[in-house]
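I opened my notebook for a friendly first look around a protein. Here is the model I had on screen.

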Amino acid sequence: YALAAANFDNFALETPAKTVLITGFADEKKLSKLADSMSSRTEGVKFIAGKSPLVSTETTKQLPDVDSVILAEERNRSTNAGVEGEIAAIRDMGKDIFGVVLL
């Protein structure tokens, strides 16, 4: 989590973000844990967690209100096709993807 936060801090220097959505096919508890950890390590940025926009209408509704997205995927749960679908859905909403975290 510390490495992800450090990388995000570097990204935020070039592309300021106030609200970041952490989403993906990872378990909801893991998504929330990552969002909480990033919030505690990164000052001035709100991190919110939500299930994949491919399966959650709530996450899809949140996308227009965030500045950037971090995909959080889980070994043996996420698939290449699923991740590609998420990327397409997020880009269709005009949002930047900061990166992918494998949990």
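My entries below go from one glutamate to the nonpolar cores.

**Ground rules.** I worked with a predicted model, where local features need pLDDT of at least 70, side-chain atom pairs count only at pLDDT 80 or more, and totals for chains, interfaces and linings use all residues. Residues are numbered from 1 along each chain as its sequence is written, and side-chain values use heavy atoms, leaving out hydrogens and water.

**Entry 1: Glutamate 74.** I found glutamate 74 in the loop between β3 (68–73) and α4 (80–92); helices (H or I, at least four residues) and strands (E, at least two) are DSSP runs numbered from the N terminus. Is glutamate 74 buried or exposed? It is buried, with a relative accessible area of 14%; buried means under 20%, exposed over 50%, and partly exposed in between, with a 1.4 Å probe and protein chains only.

**Entry 2: its partners.** I looked up contacts (heavy atoms within 4.5 Å). Leaving out residues up to four places away in sequence, glutamate 74 touches Phe25, Ala26, Asp27, Lys30, Leu102 and Leu103. A polar atom of the glutamate 74 side chain lies 2.8 Å from the backbone nitrogen of aspartate 27.

**Entry 3: the cores.** I then turned to nonpolar cores, sets of buried Ala, Val, Leu, Ile, Met, Phe, Trp, Tyr and Cys residues joined through side-chain atoms within 4.5 Å. The largest has 16 residues, and Ile22 and Phe47 are among those with the most contacts inside it. At least two residues each come from α1 (2–14), β1 (19–24), α2 (28–41) and β3. With four residues, α2 gives the most to this core. Apart from this core lies another, of eight residues, including Leu21 and Val83.

Key
Polar contact = N/O pair within 3.5 Å; in protein donor to acceptor, adjacent residues only side chain to side chain.
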